[in-house]
Every structure is written in structure tokens, then in C-alpha cells.
Amino acid sequence: MKKLLIYIGAVTTMVAASCTKDFDKINTNPTQASSDNFDPNLLLPRAEVDYVSTIQGYSGALLFQSMWAQVFANAEYPTYYSNGDKYIASGNYTTYTASIWNNAYQAASKAKEIQNLIVEKGMTATNLSSVAFIVQLLNLELVTDIYGDCPYSQALQAKTDNVAFPVYDKQSDIYPAMLNSLDSVISTLNASGDKITNDIIYKGDIEKWKKFGYSLMLRMAMRLTKVDAATAQKYAEKAYAGGAFSSVADNAFVAFDNANGFTNANSSALQVPEDFSQVRWSKPLMDFLKANGDPRVSVIAEIPMNGTANNNNKSLDGDHTFAKQIGMPNGYDQNGGATDISKAAGYPGVSPADPAITGDAPFAVGLYSRPTAALYTRNLSTPGFILTYAETELLFAEAAVRGWSVGDAATHYHNGLSAALQSYGTLNSAGAIPAADAEAYANAAPLNTSSTTASLTQINMQFWATTGTLFNFIEAWNNWRRSGYPALTPVNYPGTGGFSNGQIPRREVYPSSEASNNGENYNAAVSTIGKDEVITRMWWDKE
Amino acid sequence: MKKYPPPQLFILLLVFLFSSLKIFAQTRPLTGVVKDSANQPLVAATVSVKGSNVSTTTAADGSFTLAVPSGNITLEVTYVGYNPVTVPVSPDQADVSVMMQAGSNTISDVVVTALGIRKDERKLGYSISTVKGDQLTKARETNVALSLSGQVAGLKVTGTSGGPGGTARILLRGMPSMNSGGSPLFVINGVPMDNSNRGSAGEWGGADAGDGIGNINPDDIETMTVLKGQAASALYGARASNGVILITTKTGSKGTANIEYNLNYVTDKPIDYTDYQYEYGQGQNGEKPLTAAAALGTNRLGWGAPLDGSQVIGYDGNQYAYNPYHNNFTNFYRNGYTLTNTLSVSGGGDNGSYRVSASGLNNDNVTLNSGISRKTVNLNLNQNVTKKLNVSVIANYIDQQDRNREYLSDGPGNPNNFQFLASNVNNEIFKPGANPDGSEIVFSDDNYVTNPWFVVNNWINNTGRKRLIGSLSAKYNFTDWIYAMARVGYDHENDDYKNVTPTGTSYSYNSAGQSGSISQSNAQTTELNLDGIVGINHSITHNISFNATLGANLRKNDFQSIGVSGGPFVIPYLYTPGNVVSFGRSYGETHREVHSAYYSVEFSYRDLLTLSTTGRYDAFSTLYNSGIPKEDRNIFTPSVSGSFVFSQLLNSSILSFGKLRASYAQTSGEPANAYQTAVYYSVGNSINGTPTGSFSSTLPNLFLKPFTKTEYEVGADLKFFNNRLGADIAWYTQETRNEIMNGSLSASTGYTSRVVANGSVQNKGLEVALTGTPVKGRNFTWDISLNYTHVQNKILKTDEAGNNVGLGTYRPLNANTAFVVGLPGPQILAHDFTYNDKGQVLVDASGLPIQNTALTPMGGVLPTNYGGLNNSFTYKNFNLSFLIDYNYGNKILSATSYYSIYRGLNKLTLIGRQDGITTGYDDNGNANTVAASAQAYYQRLATISKINVLDGDYIKLRQVTLSYTLSEEMLKKVPVIRTVQLSLVGRNLFYFMKNSENIDPEAGFNASINYAGIEGTSLPSTRTFGINVNIKFKN
């Protein structure tokens, strides 16, 4: 009896407890890699493409900055574009305003993990580590430019240092730290060093990454012109001496691949019927380009064919005639009241119904210029720009105007303008402007050196028009906040849900989740900046 | 047997204690045996001498020996589930043979406990409840779990507003832990079955794809036994922490074949709980739309002019009457129906029994082209292969196909978007949903708000499941008191998913005019359980019986899925993954194992005192491959319980039965998912030929341990007046430690969430079940039962910093639910008004109230007091019964409230339409003098989410059944048919009381704990009426 019990007891206990030796293997994910067999190079394309996706589409840029900076206009209310055109919370405002924070930190985390893995695996991969760090900075710069004070010194350290609640650093500390780190990291790049295998921006060309690093340094430096001109000058000159972009071939962009799920978020958003049919170039933008007789007008803009059906037909090209192009003023709707677009000054009238289409209706905003479908929206693999030669040249031009040792202002301006015109061809052949034509136009429209103000106006207007029409809306808005150009008239749309008190927003509010996920540090940050509002100015954006 | 070691000291002590109560007299020995009508011995039957305290219980072979007084005596024999027997014994009779008949007139019941072990309920040291199958089948729910609502103290069952194929939220004793959906473990005939949710809607939309228990055909269920406390379920170890519900399916019994047919037909009538304003129509700022574009933008905005019967332009440019339109609800939703046919054959011989059933269910849901078809086959075989070896086979095969499961909440493809049309807009003007060219007729300012007509006519969201739950077990009786059992249980699910965003869907067009997308996948889920058990039932002395079980369990869970997706379609309307411009794929595979050993030991002193203890040792694969020492990954968890039937000592004429019970138990648990103890990297699609890699945004935890749950429970089971009145009371307190869950992180950490293992939650509760028979006559009987549950939940710990753990939200996104330390979970966090120093509502320069940016706790979403009242009246062959259930103490976060206020539909928004609203104070306490327009005011008000937190209390008439039985007697002369029972049934009939305006307080779009108490834009609730016909045939 006893023996039987003991025997059975022993057997069952052994069965249960003894064969856990397979358990480590059973609890190893069979569909994924571990750090042992994973190549950190694979994370680089993700960090790169995620950055570009973050500055595109509904993650913020299209809904907010494209219209806050009055590059686009949208005469509807309510729609999710009311956030941008009319500063009225609509659609899922709270989600939109958290997007850049969440997406940019996660893109930065991918880049940080490259560095973590290099250390963990004991690899010698200085170039890969440095490029990863530059991509990380690119993302963190985006966060601080959008929100102001944010975690930097303790950011991205949950895995390595168990930092679950990072403190928010002041932007006035973040910028010098970023510039300092960037400077030392660029110096470690070595074209004869380790190879980077999965880079989708420069295919591992270290010389180009060096140029990119200095170009980014220049952009960061120039952010500080209002608040710390000395630092701005120091790093702008360092960037010039180090060697920034030197031709449009250096432009940093990501070529999307829609068939594999990598989609240009601006293009795909603008393919949504409501967006396609209603988003228009703004009046300030078209007025500026037309006043200069800019050849880009007929490239970037088109008037849809008559009537509603043709307007909504995404495969139908519009009319590119220079003289016909008209930008739409911001702040209107189509609700029939006092703010109806038909009441706007210079309203071109309705686009008449196409008699060839049965049941077609007139279209209220059909005679305003829209972004050329063939250039921007039709192809979901349209490349997305990160930083261009045109931008760096325009920034150098301003630095030169300010008297810093970065070369000649007029030359930089000329190069910038010519490069700008030559950049649209990267998006699509529909945007190609021959180099000779670009040069000819740049020669005919030299920098106005009559006064510093005249020069700065011209440079920064050009910067706004160039970044805006290359669909880098955030940069257009950043530079507007920094430089004050163009002088925009805020929209003051009647009604409710306004989040900016009738002023053009100067930042985005922190994600509401920060209050619960990192409450103590968030509260400290809010009390430092005063009010967590869109009209609160950040450090580099002082009045 | 004589070689047994002496019983443990405490047993001796107890024997000594209680033996002193015995009456000592002149005695003689009497032996005997107690058997049932099938000549099987009855174990632990009580044999007593009438008029004395002399009694004993029978041994495993049914035998007993008793020292009885000299002279003529009468023996009384009682056994649970059997009619009591009295046997006269003459002075010279040395042994007796007693035969007992199964019956219902019993003191107590045999109940199924953990591992399928049948026990006398009066011996249990913990609380369990049993629901009989016939309580689930008449006024049935497609998901049988919902039928338990209001029936069991301590159990709370809530459905989703996702149609009859939806998931049930089943909570035993409140929210049992933070990290799980809370669902108890379902065990069907000893085989743990998968009850995981196959997909659900979040704030961004999605569809509820149902759960596991919803597959089971209620006609096959004999009983459902709810093991509430940890002591009751402790033998299930790791999976017992949420409680256990045991399902026992029907079996055959000895005799010729019984053929039974059941038909159930019910119709589901959608209920409109809204009471909106019909005075102002579509428009903005008091004006009706003037252009077609403005009409399109305001189809869902009721801020227009007074409805005066004038003409108004529509979204299509046509003119319509500016009049109230009341039929949007009935125009769009239809009456659903469910027809269930079940045929079963059962029987048995001397050495075995069988039952086979086949069932078919067909359902049309309240939205067009949506419904369920379910076929089940159930087989139950039991055979004594030899005298000592018994083999049983149970197989349950299910084929369930769900057509067009509805998308809920705020996302594309939701068919419920007409719920927020302005009061003059007739949804039929958006029919049929598609233009002649096939493109969607967009009906609002937002392309992602899909036209519901287009959804029901064009969208596809089908799920299919083929499932086999089977077990094979063999039991070998070495002797009459020791047995060994081996069992293989297997649950295999083969799931198919197909969802199509069809050609023509507005937001999906690309520039080439192509549109739509498809996602198709297949998943295989299996659970294998191997159990080996050795059991001993033995009487140590005549008064003390001993019962022990020793077992081991090996559990394997495997999951594999593969899917393809893509879009838009190259050839329109050809919905296959090959026909797409760009494609994606998905692949998933997880494996997990648990190895366990357990014991259970029970000592009983007569029917008076029972002490039992269990223990279980678990090793979880999910905790391996980690950074902690092995001894911390495996865990032993014990339980102790005892019962004391004190009424035995009282001999009271009022108290017919009285038991006190107490227990202590600990159970353990593992992470909800495998592979959370290490960092992994994945390879994704290539971009222009360059491979890419990524990793999860959830940070794993390298230091996970099993979590534990500890519970103390005391209770009493009392029966009065010959069992005419009964009370079962339980009080418990339970606490979890080291709970493993996902905690949100700020994205600035590099991750958006992490696995934390610090959680702790406490539940304290009181459960009372009263049963009574106020009237019991020859022709008329009235039975009543009332249950009451009180639960007090408290979150003790979240992560190391005590941060809130964010859970669910609704799409206006101005409030959410969260676990908040010190408060019941989940707690609604919402924005309040901003007040000045004097506590007055502060308004801004435009006269609009200001949202306080802080989120304030507004109450828990789970009820604190709930239960049900069941009445059953039997008059001759008629039976009328009804169930009322009630629910108090919870709050609801209502998106319906938000939208109805924001969109000017709520009656609240009628105030100030003409003159605006002047309210509130400034910083200095001066009354505001600026009038805000009604639209401006209420659209601001809607964002002060406190206003959208509603009270969830209700009292509901849950169920009514009226049955008439044609008895065997009455049908004597009728051929073929033996008995017929006809029932008229109604379910979810109406609320006697509710406090939530415009919504059903039970509404919700997701059954998980994360979204408990959050509702909006989901299917309407339904009221169910129908008939049930049960026919038993002659053989």
C-alpha cells in the first residue's frame, strides 16, 4: 500500500517538476531573432523611414503645420483640417497632437537600439553608431521643435538604465547639448571605416552622412538666431567649415515603396476624397510665387477641370496655366454664412458643372489651385524630403547676411533658389525643372542686398515657399516662428473649440498621456513653461 | 488496511471531543450495505438509528457497521440526491441491505467540484453554486455565459453590444486581477477549454469576434458549477485565480434509448433608448444649411433652426422637408431571430451509457446581412470495459460561422453611424449606400464615417470556427477504495477570418481609381491537458473517512496563425488577396507549457466535520528564459478548508441544516502572454529591396515571477423549516501580489509600454443567496430565490511609482479608465469644470466653461452591489418564472452622451437655443454677463467629460418563462410522444429603473476589463421573445 502510494507520488511529481529543462526553449519566440543573431543595421531603415512618416500626413504636419504656416488652405467646417486652417479642435485633435511625440521618440528608439546592440554585441561599428546617433538627433530635434521642453538627457533609457520616468529638459539645455554631441559625432565618421549596409538615405555613403551632419548642425544653429546668436554663429561657421551639402545630389530623402507597405503619408492622405477635393494652395503662397514670376507655379499647381466629378477625379490632370493659378485664403467654409468661401475677396467663382457629365454639379472651390496631382498625390511611393541643399544654402545666405564667416550671401541665395527649383524632379518627373532653366531663373532673381531686412525677407520667404512646396510643412512653420517670415494674418474663425485664441499656434501641446505616464515630470515641465498651450512660445521662439 | 499508520493527532482529538457527546447505552453490532437501484454501492450514505444519536456513514463499498441499542429499532438512511429510507430492524437481525431510490427530496446535493470530483455539498469548506441546464435553455442566449446573469451570487456577466456572437465579460468576485480579462477558467467535463477573445473593438473601432464559451450549445449542458473562491478552485492552480466554472454535459443513463427534441425560436427586437430633441434640425449656429456642402457637413449636427416644415437643401442638392423624422432607428435595424434545433439520443446498459446530440442554430442579427450559423455535435460515451476499468469518451464538435460581425465604436465600417443623425434627416436618403458607379455615398463631413447602408450591403467581416473539444479518460479501480485515472483533454480551434473593405469605400481610393482592401487569415489554437490522478476513499474508522487525491497535469498551449492582406483591388469586386496592388503578410506562433503536481486530502468525521487541504506545484514555461533563479519561477500554493455541520448537534425543529465553513487558499498565475522575459527583434518588409528590422514597443521584463492570489473565506449554509427556507452566506477577502501586466510608458523612454510585475489588487465581498418555498401545496408551489453580492475592490499597487495604469478610452478622447492606487478599478478619469476660489464654475471671456486640464477620478465602472431575484410559480402543469436582476454602484463613460451633446441632439441642448446661455463666474467671483451661443456652449460642455459620466444603476426584468408540460400520464394514449413541454419565453425585457439617459446601462463595445464601462456607437440592445418546445419520445 505504502509502497504503491510512494511510487505513484514520486512518478507524478517527477513528471510535473523534472522536465522543465525544455522550458527555456519553449519560451523563446520562434518567429523573431534575439540580439545574438540580429544585425543592428536592419534597424536603420526603420528609424529613417519612421522619421519621414512622422513629419508627414495625419501625424500632424498636414493637419496642423501645413495650414498654420498657410502653405495650404481648406474651406470647410467642420473637418479635421479645421485644426490647421481654423485652429479649431476637430476630428481627433488629441490623437493628432500626440502623434509626433510618440512617433518621433519611437523612431529615435530604433536608432538608439542600434547603438545599444553594437555595445551589447561588442561590435566595432563606429560609422553605424554615429549615423544612428545622427538619426536619433534628427528625431529628438523634431520633438523639441514641436513641443519645447521635453525629455532629452534621460530619454530612451528604459531598457539600458531602467529610466521609466525621464525628466524634461529645458530646450535651452537641449539645443547646446545636441549641437555639441553632433559636432563630436560627425568627427568620428570615417569613409574607410565600417560599412553601413541598410541605409536607405545614402546607401551607406559616409561622406554624404558627414555633409548631412553639418547641414543638420546648420539648421539647428540657425534655430537659435533669436535667442542665442553667438552659439548660432559658432555652429553655423563650424558647419560651413566642415562642409555641408554641395549640390541637389546631396538632398536627404526617403524613397517610399508602396507595394511593400511603405507609403508616403502625405500622398495617401491627399488621396482621401475629402482631402483631394478640398485641400488647396494658400493665397499667400500663390501670391508670393506669382509675384516673382516663379516657374514653379505651373509645376506645383493646377486648376481642376470643371465641375464636381472632374474635380474629384484623381486621375484627371488640371490646368497648369500660370495666369489662372489662384491660392485660397485661409479661414473660410462652405456653409453659406458670413464665412462662406464665396464671400472671400477675390473669389474666382464656382467651377461650372461639366455638361458632358450627366448630373454633374458646380464645385464651389474648383477654381482654386490645388497641389498638382501628378506630382504629389498620385504615386504613393513619392519620396519624402528630410533636408535639402536648397534649405542649407538659404540658411547660409541668412548667416552670411548676418555677417558670419560662411561665404557670400548672394551666392548662397542663388544656389539655394536654383537648387530649390531642381528638387521637384526628385518627387516625380512631372516636377522636373531643367537645371538650365533653374539657373536662368536664379540669375534673373538675385538676392536683394539693398538692406539686411530686404535680404532676410527675401531669403526667408523663399525658405517658406521652398520647404512648403517640397511638403516639409514643419520646417516651413519652424522657420516662420524663427524668422517671422512670411508675415501671416491669423485666422479668426467664429465658433467654438478654438485652441489658440485667434493666434497662429507656435507649438503643439504635450500628449495627454504624459500626465498619467510621467506625471511628476510632466507637471514640473508645465509649471516651467507656464501654460501647456499652443500659443506658449518655446525658448528659441522668443518674441 | 489494518497496517495504517495511526490517524493524525488532531483527528484523534476531534474524535475524542465529539465522542463525548454520544449516548452510551447497551448496544449490539449491526452490519449492512447501502446500494442504489442499479445495485451500485453508495459511499458515505448516513445511517442512523431513529430517536438516538447513533449514526455512521457507509464505506466505499457501501457497507457499514453500527453499534445499535438492543431491541427493535428503526434505521434511517439518507444520501444526497436520494430519497431517505427508513428500515425497521428486529432485535435478532445481524445485517441489513438497504436500497435507495434517486430522488429530489433531499437535504443537500452532490456537487461537482474541482477536477470533476463529486462531493457532498455539505462537506465543502467553501462556496460554490450550481446552475442546472434547464435554466439556460428556455429563454436562451446564443452565448450561454450570458444566461448566468443574475443567477449566482458573486458572479457578474455582461455582454457586448456586438450582437449575439459577441463576447461575455464574466467576473467572479469582482475584478479578480488587473492583468487578465477576468474570465474564469471554463472546464468542460474535466477538460479546460479556451475562452479567449478572438478580437474586439477599441476606441478606434474594430469588431467583437466572440469568445470560446459562446460556442457551446446550451442544450448539451447538464449543470454549470461556479467555483467562486480560491479554495474551491485551488486544484486548478495557475488558472484558478479568476475562479472556475465547470460545465458537465448530459450523459445517458441506464435503460432504453431516450430520444429528445428541442426547438427554440426567438426574435430579437432592437430597442432605442434615446430620447433626443426633435425641435431643432440640422445646421449650425441656429441656421439651417444653405448649400449642399453645408448639408453634408451638418447631417450629424443638430444646431440648426427650429423645425418648421419648410424646405431644406440636402447633401445631394435636393430639397427636403425640415420636419422631425422619427423612424431612423426602425428604418435601419430589423428584428433579428434565432432558431435552434437539437436532437439527442441517450441510453445505457449494464456496463455503459451513451448520449449523442446534434444541434443547429441559425441567427439573423439586427443589421442586414449579419448573423450566425452554428452546428454542434456532442458525443458522450461511458463504458465499464472490465469490472475495474471504466473508459469514457467525450467529444464536442462545433462549426460556427459568423457573417459580417459589426464594427463598433469610432472607426470605419461601423453600421451604427446613423445613431447621430440630426433630427430632420431621414437615413433612407443615403440608400442604398453606393452610387451607380459603385462608389460609396458619403453622408457626412468625414470619409472615415462610413455610410451604414454601404456597410451592411457591401462590407465583409466574417469569422469561422471549427472546434473540437474532446477527452478520453480511463479509470481503474484497484480496490473498492483506491483508483487511478488518466485523462487526455484536447481543445482545438481552427479559426478563419476574412474582412474586406469593399470596392467603392470612400476613404480607400487611390489616384488610379482603385479602392478597397482585404485581410484573410487562419489561426490554429490548441490546448492539450494530460492528467494522471490517484484517488483514495477510505473509512479509517466508522466515523472518520479519509479521501485523498494525488495528481499531475501537463498542459500545452500552441497557437499559430498566418495571414495575407492587401489593397486596393486591381479588378473591382474580386475579393481575394491575390487581386491587390500592394500586399502584406502576418505570421504568429506561440508555445507554452505548464507542468504541475497536486494533492488533495480530506478527513471527515461523520457528516459533522470535514477538513481538507490541497496543494499544487506549478512550473510555467512563460517564466523561463529569464533572468531570475529557477526556484523563483516555480511555485507551490496551498489551501486549507473546513466545514462544521453544527445542526447535527442541535436537533432543532426550525433549523433543518446548518453548516459553518472557513477556508484559506492561495493560487498562482503566469504572464498572459509567452515571450515576455526577453528582447526580440523582427524582420519586416523590405523597402525598395532593403530589408528592415524592428522590435516591440513593449519593453519585456527579465525578472518575472509567478503572481499569487490569497483568499480567506468564511461562510454559512443554513436551511430552515424542513428546507423551505435556505440561506447561503459567504464573506471573503482576497489579495493579489506581483501581478504581471502591461504598464504604459511615456514614449520618451523609448517604449510605449512595459511589462511590470508589481501589481496588487484587493477584493472584499459578501455573498448571500436566499432560497425559499413560501407556498407548497398539492397543485401550487411558489419557489423564490434571491441573491445579493457586495464587492469592494481596491487597487493596492500598480508600478513602482504608483502611476495610474491607463486602460480604455472612448473616441472623443477626453476621458479614460485607469487603475488608480487606492480606488476601485477600473476608475473613470474625466475632466471637471474649472472653479474659482469660491467653488463657482469659471468661464472664459466668451462665456464658455473652462475644462480643468487635470483628470479627476469619477468612480469605478464595476458594480459594487448586484444580484438577482428568481420567482417560480408552479400550478399543476403550468410553470411561470421570472428573473429580475439589479446592479448598483458603477459609472459609465458614455460616448453617446458626448456626441449627443456635441451634435445638439441631447434634450439638454434645448436650453438657450434662442438667447444663448449666460452662466458662470470670472476669477473674481463676478457673475459672467457674456452670452455664449447654444452651439458654442454645449460643444464646450461636451469636452468637460464629467458630463459624460453616467450612473450605471439598474433593475431589470431579465427573463420570463411560461411553461406548460404535457406529462407522461396525460400522453399515455398518444403514440410516440412521451412528454411535451411548451414554453413562452422573454429575455432582457425592460428596466424597472435605470439612471443613464439615452443609453442602455449594460451597453459596451468591448468585453475586456480595459473597456468595461465605456460605451458608444455600437449595436442597439435587443428584447427577446420566443418559444421553446421540448419533446421526449417513447421508445
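Two strands count as paired if DSSP finds at least two bridges between them. Helices (H or I, at least four residues) and strands (E, at least two) are DSSP runs, numbered from the N terminus.

The structure is a predicted model, in which local features need pLDDT of at least 70 and side-chain atom pairs count only at pLDDT 80 or more, while totals for chains, interfaces and linings use all residues. Residues are numbered from 1 along each chain as its sequence is written, chains are lettered from A and ligands numbered from 1 in the order in which they are written, and side-chain values use heavy atoms, with hydrogens and water left out.

**Strand pairings in chain B**

In E25(B), B:Met485 is the bridge partner of B:Lys475. The pairing of E24(B) with E25(B) is antiparallel, and a hairpin of 4 residues joins E24(B) to E25(B). Strand E24(B) also pairs with E23(B) in the antiparallel sense; there, B:Ala474 in E24(B) is the bridge partner of B:Val391.

| Strands | Sense | Bridges |
|---|---|---|
| E23 (residues 389-403) and E24 (residues 460-477) of chain B | antiparallel | 14 bridges |
| E24(B) and E25 (residues 482-501) of chain B | antiparallel | 18 bridges |
| E46 (residues 891-894) of chain B and E50(B) | parallel | 2 bridges |

In E50(B), B:Ile1014 is the bridge partner of B:Leu893.

**Chain B as a whole**

Chain B has 9 helices and 51 strands. Its radius of gyration is 32 Å, close to the 31 Å that the globule rule gives for 1035 residues, so chain B is as compact as a globular protein of that length. The radius is taken over C-alpha atoms, and the rule is 2.2 Å times the number of residues to the power 0.38. Of the 1035 residues of chain B, 60% are buried. Buried means under 20% relative accessible area, exposed over 50%, and partly exposed in between (1.4 Å probe, protein chains only).

**Cores and chain A**

A nonpolar core is a set of buried Ala, Val, Leu, Ile, Met, Phe, Trp, Tyr and Cys residues joined through side-chain atoms within 4.5 Å. The largest has 166 residues, and A:Trp101 is among those with the most contacts inside it. Helix H7 (residues 126-147) of chain A gives the largest share of this core, 13 residues. A second, separate core of 65 residues includes B:Tyr315 and B:Val756. The residues touched by A:Trp101 include A:Val143, A:Tyr147 and B:Ser746.

In helix H4 (residues 61-68) of chain A, 8 of its 8 residues are buried, including A:Phe64 and A:Trp68. Just after H4(A), A:Gln70 takes a positive phi of about 55°.

A:Asp205 lies in the loop between helix H9 (171-186) and helix H10 (206-223) of chain A. This residue is partly exposed, with a relative accessible area of 32%.

Methods:
Contact means heavy atoms within 4.5 Å. Lists of a residue's contacts leave out its neighbours within four places in sequence.
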